[in-house]
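Hi everyone, thanks for making time for this.

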Amino acid sequence: MSISWTVGALKTAYDNRDHILGIWDKLVVKVLGPQYRIAIVGPGGIGKSVLLDHITGKAFAKNYRLPPRSVKPEPGRAKAGGNRMAMTVVPGQDSGPQIDTYEKVFDPENPVDGVVFVSGFGFETIRSKTARDYEIGSLGLTDLKSFRASKLAQEKAALDQVLERLRPALRTARKPTWMIVATTKSDLYQDEIAEAEAYYAPYNDSPFTELIKRFRSQVGTDNFEWDSLPVCAYLEDFEWNGEVAKSTLTPDQRNAYIEQMIRRLGELCR
Ligand SMILES: Nc1nc2c(ncn2[C@@H]2O[C@H](COP(=O)(O)OP(=O)(O)OP(=O)(O)O)[C@@H](O)[C@H]2O)c(=O)[nH]1
Ligand SMILES: [Mg+2]
């Protein structure tokens with residue numbers, strides 16, 4: 001399927017969660033085998049857990065609350081009959097649990113089949129006040145522009161680390177066979193969606209795509225497929241040191257992005 005970055009070009013927008021869950025059910029039952037395993041990786045505060053909750057449908061419950069920082073691997077539950085598509089979110093923060101989870105999902109003896117690297121075009125949520133104060137006071141990231149540039153550089157470093165971790169698994173097990181870069185929080189940068197596409201899409205050359213292209217040429221382009229797509233999950237404004245980036249999408253538009261991602265996952269899992 002061809003990926004659409006602009007919301008206007010996403011033809012379908014569905015107001016009800018049943019539609020998304022319906023697609024999910026079909027994928028789980030018909031497309032995916034019982035053993036299909038996917039790791040969801042990426043920086044802390046980027047939106048991995050919230051995205052997983054929207055993909056599995058958990059976030060559509062009335063009493064849904066935003067998850068706190070992940071401190072252990074988070075499994076994604078399939079909706080239809082058991083756990084056929086096993087997704088695991090790797091905690092974003094450098095920590096013992098993160099290393100343990102990486103070792104499990106990229107175990108060369110039994111690695112996952114696919115990887116979702118969640119990126120955010122610089123909109124990483126900093127949860128702790130101490131960390132915020134440090135970034136503003138000591139690192140001098142006083143405005144949103146410099147903050148995002150710094151986070152984008154860190155995101156690239158995080159990607160580099162993930163790619164390094166994939167090497168032994170690919171060498172031994174020839175898995176995972178694919179990676180999707182899911183650029184989330186796209187509700188915050190619709191005015192820059194062309195720039196996001198230029199930065200993340202496989203048909204463009206950017207510092208980010210260069211890393212993956214180089215990796216692919218090293219491991220063999222036939223062995224490792226990759227793609228990127230925009231997505232968003234939780235619609236809320238983003239604030240940094242008093243500066244606010246507005247969330248500009250409706251739930252319908254968000255759902256269309258989620259649907260596009262689920263469909264693409266389904267294709268890669270065939
Ligand atoms: N505007 C907007 N905000 C989002 C979106 N997704 C997540 N957020 C915000 O980002 C915060 C962090 O999201 P999480 O999914 O918890 O982040 P994570 O990647 O799991 O982070 P760790 O658990 O630290 O690894 C959420 O609490 C929301 O405030 C989105 O699509 N759009
Ligand atoms: Mg999390």
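Let me begin with a question: which atom of ligand 1 does a backbone N or O atom of valine 50 lie 2.8 Å from? It is an oxygen atom of the ligand. Before I go further, please keep in mind that this is a predicted model.

Let's stay with the ligand for a moment. Isoleucine 46 also takes part through its backbone: one of its polar backbone atoms is 3.3 Å from an oxygen atom of ligand 1. Arginine 127 uses its side chain instead, and a polar atom there lies 2.5 Å from a ligand oxygen. On its own, ligand 1 has 650 Å² of accessible area, and the protein covers 97% of that.

Who else is around the ligand? There are 24 residues around ligand 1, and those that come nearest are Ser70, Arg127, Ala233, Tyr234 and Glu236. Sorted by class, the shell has ten nonpolar, eight polar and six charged residues.

Now please turn to strand 4, which spans residues 114-119. Is strand 4 largely enclosed or open? It is largely enclosed by the rest of the structure, because six of its six residues are buried. Here is a general point that helps: in a regular strand, side chains alternate between the two faces of the sheet. In strand 4, Gly114, Val116 and Val118 are buried on one side, and Val115, Phe117 and Ser119 are buried on the other, so both faces are covered.

What about its neighbours? Strand 4 pairs with strand 1, residues 36-41, in the parallel sense over four bridges. Strand 4 also pairs with strand 5, residues 178-183, again in the parallel sense, over six bridges. Phenylalanine 117 is a handy landmark here: valine 41 stands opposite this residue, and phenylalanine 117 also stands opposite valine 181 in strand 5.

Let's move on to charged side chains. How many salt bridges does the structure hold? The count is 13, and I'll show you a few of them.

One joins the side chains of lysine 129 and aspartate 133, at 2.7 Å from N to O. Both belong to helix 4, residues 129-138, and because they are four residues apart there, about one helical turn separates them. Lysine 129 is exposed, at 58% relative accessible area, while aspartate 133 is partly exposed, at 41%.

Helix 4 has a link to another element too. The side chains of arginine 132 and glutamate 239 meet in a salt bridge of 3.2 Å, N to O. Glutamate 239 sits in strand 7, residues 238-240, and arginine 132 in helix 4, so this pair ties together parts that are 107 residues apart in sequence. Both partners are partly exposed: glutamate 239 has a relative accessible area of 34%, and arginine 132 has 22%.

A further salt bridge brings together the side chains of aspartate 205 and lysine 213, at 2.8 Å from N to O. Aspartate 205 counts as exposed, with 63% relative accessibility, whereas lysine 213 is partly exposed at 28%. And finally, there is a network: Glu225, Asp227, Arg264 and Glu267 are joined by salt bridges that share partners.

Methods: Residues are numbered from 1 along each chain as its sequence is written. Chains are lettered from A and ligands numbered from 1 in the order in which they are written. This is a predicted model: local features need pLDDT of at least 70, side-chain atom pairs count only at pLDDT 80 or more; totals for chains, interfaces and linings use all residues. Side-chain values use heavy atoms; hydrogens and water are left out. Buried means under 20% relative accessible area, exposed over 50%, partly exposed in between (1.4 Å probe, protein chains only). Helices (H or I, at least four residues) and strands (E, at least two) are DSSP runs, numbered from the N terminus. Two strands pair if DSSP finds at least two bridges between them. A residue is near a molecule or strand if one of its heavy atoms lies within 4 Å of it. A polar contact is a pair of N or O atoms within 3.5 Å; within protein, one must be able to donate a hydrogen and the other to accept it, and residues adjacent in sequence count only if both atoms are side-chain atoms. Accessible areas come from the Shrake-Rupley method with a 1.4 Å probe; for residues, only the protein chains shown count as cover. Ala, Val, Leu, Ile, Met, Phe, Trp, Tyr, Cys and Pro count as nonpolar, Asp, Glu, Lys and Arg as charged, and the others, Gly among them, as polar. A salt bridge is a side-chain nitrogen of Lys or Arg within 4 Å of a carboxyl oxygen of Asp or Glu.
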